[in-house]
Amino acid sequence: MADRLNSPAARDVKFVMHPYTNMEKHKESGPLIVEKASGVWVTDDSGKRYIEGMAGLWCTSLGFGEERLIEAAAKQMRELPYYHLFTHKTHNPAIDLAEKLCGMAPGNMGQVFFANSGSEANDTAIKLIWYYNNAVGRPEKKKILARLKGYHGVTVAAASLTGLPYNHKDFDLPIANIGHVDCPHYYRYGEEGETEEEFATRLAENLEKRILEEGPDTVAAFFAEPIMGAGGVILPPKTYFQKIQPVLKKYDVLLVADEVICGFGRTGNMFGCETFGIEPDMVTVAKALSSAYLPISALMVSQDIADAVSKNSGKIGTFGHGYTYSGHPAAVAVALETLKIYEERDILAHVREVGPHMQARLREFQDHPMVGEVRGTGLIGAVETVADKATKRSFDPSLAVGPKLMMAAQQNGVILRATPGDAIAFSPPLIITKSEIDQMVDGFAKALDQVHADLNKAAA
């Protein structure tokens with residue numbers, strides 16, 4: 001970087017603290033500076049184009065440059081650029097979006113609390129669960145369970161829910177009253193001779209044992225993504241949610257569905273809950289709610305919870321929680337327009353048409369010497385690499401195979417993401433075409449062969 005002392009790249013290294021980045025390595029490698037984008041493509045400052053195979057961060061569902069969303073934001077900014085929802089204030093866009101979400105959400109959702117990110121929505125859910133149990137006279141029922149490899153955000157409480165080591169190490173997490181149970185990854189954790197259904201049964205039995213060990217009167221809620229995204233695009237084994245939900249109901253444990261990645265069409269249904277038969281008490285959404293054009297998230301709660309929270313706020317004198325930008329009118333306007341576009345263009349039908357093509361193309365890698373498992377549904381998938389296909393042995397972490405694959409794909413014009421276990425995730429904009437899927441997969445195929453050849457050369 002020394003020969004570019006005043007370049008944007010050098011100034012980035014000097015001044016920007018990057019999330020999810022090896023900051024020491026960043027000093028040497030520098031950033032990829034993205035300058036413009038259109039559709040499923042982004043262009044860097046050298047003019048090179050890339051297919052954005054992750055829709056940014058699983059979020060830019062309608063792709064880049066959607067004029068209707070740009071205009072929705074501009075129109076709202078001219079009319080009411082900002083107002084809040086504190087102390088009995090409101091505005092029409094927030095009312096419209098809350099009503100719309102309650103009408104389309106899985107389960108019996110009665111009210112919506114707006115926030116700005118998935119992390120904030122999940123953090124709010126935790127606070128609301130504690131508040132709710134105090135309100136109904138169960139002050140000991142406060143423990144919350146999530147899953148190993150699950151991802152629920154990075155605020156102090158949401159990062160505690162997240163079941164990934166990097167999100168805990170040296171942050172002094174997790175906090176008290178949050179624990180983790182089995183990761184439902186059949187390929188990795190199914191026992192020899194055990195079917196998917198038997199694996200699901202074992203995990204449900206283990207969940208019940210954990211609740212009994214903790215004490216049913218102390219366990220308040222269970223958080224789950226329909227598909228575990230950042231943990232590696234891990235799909236639930238067959239019958240998993242059908243088996244764990246009766247356990248949760250038996251001990252009056254709330255089920256919070258984290259739909260931050262799956263919500264709004266990613267799996268081919270509007271919500272992942274529909275895809276996997278989940279009946280939640282709370283739902284968190286973000287990302288594709290506004291196609292990521294402006295930050296917005298939401299926590300939807302059942303009517304019973306909303307009623308208890310309302311009564312408790314009357315007892316205390318106020319509901320002492322909220323964000324300055326909760327329900328920001330411009331973000332809400334963009335979200336409303338995003339939902340209109342999903343309906344008018346029948347985005348679900350498009351995902352159901354092109355999703356099987358992406359899944360079929362990804363499964364072509366199943367016989368590759370480096371590939372252990374290919375998994376996914378709709379327009380979300382992953383290719384997990386292994387050092388030994390027969391034993392499923394992972395690569396030594398020091399080899400950084402996942403990051404190498406990610407960078408090799410980038411060199412071949414495809415932006416993807418490495419997840420734990422050297423699995424490469426695919427989550428393109430929902431508007432992607434079959435032709436663009438082919439270009440994305442072909443670029444990854446070149447990267448896979450390049451890294452495979454490099455590993456063989458290094459081992460020789």
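Student: Which residues is Phe-264 in contact with, leaving aside its neighbours within four places in sequence?
Tutor: The model is predicted. In the largest nonpolar core, of 97 residues, Phe-264 is among the four that touch the most other members, with Leu-97, Leu-101 and Phe-222. Beyond its sequence neighbours, Phe-264 is in contact with Leu-101, Met-104, Met-270, Phe-271, Val-285, Ala-286, Ala-288, Leu-289, Leu-339, Tyr-342 and Leu-430.

Student: How many residues are in the other core that lies apart from it?
Tutor: Members of this other core include Ile-144, Ala-157, Ile-178 and Leu-254. The size of this core is 26 residues.

Student: Is His-168 buried or exposed?
Tutor: His-168 sits in the loop between helix 7 (156–161) and strand 6 (178–181). Leaving aside neighbours within four places in sequence, its contacts are Ala-159, Ser-160, Thr-162, Leu-173, Pro-174 and His-180. The relative accessible area of His-168 is 14% and the cut-off is under 20%, so His-168 is buried.

Student: What is the relative accessibility of Lys-27, which forms a salt bridge with Glu-24?
Tutor: Glu-24 and Lys-27 are 3 residues apart in helix 2 (residues 23–29), about one turn of the helix. Their side chains meet at 2.9 Å, N to O. Glu-24 is exposed at 54%, whereas Lys-27 counts as partly exposed, at 44%.

Student: Which residue forms a salt bridge with Glu-194?
Tutor: A search of the whole structure finds 19 salt bridges. In the one formed by Glu-194, both residues are buried, and the closest N and O atoms are 2.8 Å apart. The partner of Glu-194 is Arg-202.

Student: How is helix 6 oriented to helix 12: roughly parallel or roughly perpendicular?
Tutor: Helix 6 (residues 118–135) and helix 12 (residues 303–316) pack with their axes 9 Å apart, at an angle of about 70°. Angles of 65 to 115 degrees count as roughly perpendicular. Helix 6 is therefore roughly perpendicular to helix 12.

Student: How many nonpolar, polar and charged residues are in the contact of helix 6 with helix 12?
Tutor: Helix 6 contributes Leu-128, Tyr-131, Tyr-132 and Ala-135. From helix 12 come Asp-304, Ile-305, Ala-308, Val-309, Asn-312, Ser-313 and Ile-316. By class, the contact has 8 nonpolar, 2 polar and 1 charged residues.

Student: What is the phi of Trp-58?
Tutor: Trp-58 is in helix 3 (residues 55–58) and counts as buried, at 2% relative accessibility. Its phi is positive in a residue other than glycine, near 65°.

Student: What is the phi of Asp-252?
Tutor: Asp-252 lies in the loop between helix 10 (240–250) and strand 8 (254–258). Asp-252 is partly exposed, with a relative accessible area of 41%. Although not a glycine, Asp-252 has a positive phi of about 55°.

Conventions:
Residues numbered from 1 in each chain as written. Predicted model: local features only at pLDDT ≥ 70, side-chain atom pairs only at ≥ 80, totals over all residues. Heavy atoms only, no water. Helix = DSSP H or I, 4+ residues; strand = E, 2+ residues; numbered from the N terminus. Buried < 20%, exposed > 50% of the residue type's maximum accessible area, 1.4 Å probe, protein only. Contact = heavy atoms within 4.5 Å. Core = buried A, V, L, I, M, F, W, Y, C linked by side-chain atoms within 4.5 Å. Salt bridge = Lys/Arg side-chain N within 4 Å of Asp/Glu carboxyl O. Axes fitted to C-alpha atoms, helices over the stretch in contact; angles between N-to-C directions. Parallel < 35°, antiparallel > 145°, perpendicular 65-115°, else oblique. Nonpolar A, V, L, I, M, F, W, Y, C, P; charged D, E, K, R; others polar.
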